Amino acid sequence: MSKKEEYILELENITKIFPGVKALDDVSFKIKKGEVHALVGENGAGKSTLINIISGVFGPTQGSIKVDGKEEKITNPSKAFELGIGVVHQERNLIDTFDIAENICFMDISTGKNKMKDKKAMNQKAERAMERVGLDLKPWQGIEELTSGKKQMLEIARAMCMDSKVLLLDEPTASISLTEADMLLKTVKQLKEEGVSIIYISHKLEEIFEIADSITVIRDGKNIGETLSASSLNKDKLIELMVGRKFVTETYNNRDLSKEPVILEAKDISSKKNPIPKSFQLKKGEILGWYGLVGAGRTEYAREIIGIDPITNGSLLIKGSEVSIKSYEEAFQRYKLCYISENRKEEGLFLQHNITDNVGIIALDQICTKGGFISYRKQNEITESYKESLSIKAKDIFVETASLSGGNQQKICIAKGLCVNPEIMIIDEPTVGIDVNTKGEIHKLIYELSVQGISVIVISSDMGELVGIADRIIVFRDNEIKGELENSKDYESMSTKVMGSILL
Ligand SMILES: Nc1ncnc2c1ncn2[C@@H]1O[C@H](COP(=O)(O)OP(=O)(O)OP(=O)(O)O)[C@@H](O)[C@H]1O
Ligand SMILES: [Mg+2]
């Protein structure tokens, strides 16, 4: 093979400057044919910016790209498609008014290959694409009702049926179940066998070591060293390269909460959507983990507790008194019960507004003066303090939220939850899409909140996360509570016990 053909994609000295932010600074790397190349780095390192440049969302400020040895100007997404570059972006990219087949065949439609006349062919193509990733849906189904995990799988199916030479996957497993993720990793391996080159971005480092041949580390928009072979690294070394220093995982001791009062109690609660009755207790200052696979019914249950979905049977007690919460507003204003959604884009943020306004709208209580005026000074002070304590990476608190990296948007949602000075917090998948370093910071923060007496429910599909911080773990499967376990903080024995109760 001549040198020219060895690499399918070569990025040379890529720099990207957004107003006031140098997102990429002289980044270079090359990808061989049939290789899985992982891009890793902390939140805001510049990974998605690279993906956007390779897929023609926007151009680089400087630098060049070669595809199959030839320099190309990828000025728009259609150009990337023509060059055989398929992409699954970090953010969802489906059209709500299109059905599944139309979404899967979107590029055929937009490039004029199929003007939606041949619906039968589109349906067949969609069926094949979905089969490949194990998605059991009908091509003519609408997409609005699909869960975010299913939408994600649909985009993966779409990218995989494009006959791409290069496939870019930006955090493809952030919101899908373990089974779906397994299927995805299998498909990635199969595509690699077929000679497809893949750029894979994930904060789940186990996945990186499972599938990557080579790894490029990006920190603050710059290459850290040369591209390395995955076999020459281990998890600790990789984390060190990402964060720029030795990294130690904190451990949290077991606590005796037996004398603490019960703050929140659910007795046989059920709803129309979720008819199986479920009960649990949460003590003052306790961290209660809700483990289950994506789709186990944990978010739905939380929505009943916070007054979004009406409870039809059973009772809810806060500090021993029965309550009937009619809206989420009532939950957090009257009962200091706050919920941080897993669906940040849709439920969490005003993306067109800056960071300080996003925080300010929640912190109105604290920033309004007696005369009813907003104290912007106070608002900015509060926001600055969260920017600092959660290490939100942004030029300042006045940048538009939409321009922040995925992980940094997540941190603003957490800041918003903290603003109401809650007594009870339910945090849904707190560290999805969060880098290892910040994940540690968020765990520490949750622990500190609990030490201050705040009771926290952490909904998570990451067993390691719950074993690390929870006092107790409740296990969900198919809308049912299948078990309740004291956390020994020993990962091996806890995962055996949790899996045991899931299978019961
Ligand atoms: N459209 C934009 N306008 C201004 N700044 C931007 C824009 N897109 C990205 N940035 C900035 O560029 C930097 C890199 O962001 P990017 O999204 O590439 O990070 P990332 O490595 O993908 O992080 P994450 O792991 O959180 O997804 C960040 O500082 C981000 O705020
Ligand atoms: Mg990103």
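I began with S48, which at 23% relative accessibility counts as partly exposed. I note here that the model is predicted.

S48 sits in helix 2 (residues 47-54), while Q90 is in the loop between strand 6 (85-88) and helix 4 (100-104). The two are 42 residues apart, and the pair links distant parts of the chain.

**Strand 1.** I went on to T15, which is placed in strand 1 (residues 7-18). T15 has 6% relative accessibility and counts as buried, because the limit for buried is under 20%. A polar atom of the T15 side chain lies 3.0 Å from the backbone nitrogen of D26. Setting aside residues up to four places away in sequence, T15 touches several residues, among them K22, D26, P60 and Q62.

N13 is also found in strand 1. I read 41% relative accessibility for N13, which counts as partly exposed. The side chains of N13 and D26 are joined by a polar contact of 2.9 Å. Beyond four places in sequence, N13 is in contact with D26, V27, S28, Q62 and G63. I also checked N13 against F29, 16 residues apart along the chain, and their C-alpha atoms are separated by 8.6 Å.

**Salt bridges.** I searched the whole structure and the search gave 28 salt bridges. I looked at some of them.

- E71 and K73 meet through their side chains in a salt bridge of 3.7 Å, N to O. E71 is partly exposed at 44% relative accessibility, and K73 is exposed at 59%.
- E102 pairs with K119, with 3.5 Å between the closest N and O atoms. E102 lies in helix 4 and K119 in helix 6 (residues 119-132), so the bridge ties together parts that are 17 residues apart in sequence. E102 is buried at 14%, whereas K119 is partly exposed at 27%.
- E155 and R158 form a salt bridge of 3.7 Å, N to O. They are about one helical turn apart, because three residues separate their positions in helix 7 (residues 148-160). E155 is buried at 2%, and R158 is buried at 8%.
- K22, D25 and K222 are joined into one network by salt bridges that share partners.

**Surface patch.** Last, I looked up a nonpolar patch on the surface, formed by F350, I361, L364, I374 and Y376, with about 470 Å² of accessible area together. I361 lies in the loop between helix 14 (355-360) and helix 15 (364-367). I361 is partly exposed, at 45% relative accessible area.

Methods. Residues are numbered from 1 along each chain as its sequence is written. Chains are lettered from A and ligands numbered from 1 in the order in which they are written. This is a predicted model: local features need pLDDT of at least 70, side-chain atom pairs count only at pLDDT 80 or more; totals for chains, interfaces and linings use all residues. Side-chain values use heavy atoms; hydrogens and water are left out. Helices (H or I, at least four residues) and strands (E, at least two) are DSSP runs, numbered from the N terminus. Buried means under 20% relative accessible area, exposed over 50%, partly exposed in between (1.4 Å probe, protein chains only). A polar contact is a pair of N or O atoms within 3.5 Å; within protein, one must be able to donate a hydrogen and the other to accept it, and residues adjacent in sequence count only if both atoms are side-chain atoms. Contact means heavy atoms within 4.5 Å. Patches are made of residues with over 30% relative accessible area and no salt bridge: like charges are joined within 9 Å, nonpolar side chains (Val, Leu, Ile, Met, Phe, Trp, Tyr) within 5 Å. Accessible areas come from the Shrake-Rupley method with a 1.4 Å probe; for residues, only the protein chains shown count as cover. A salt bridge is a side-chain nitrogen of Lys or Arg within 4 Å of a carboxyl oxygen of Asp or Glu.
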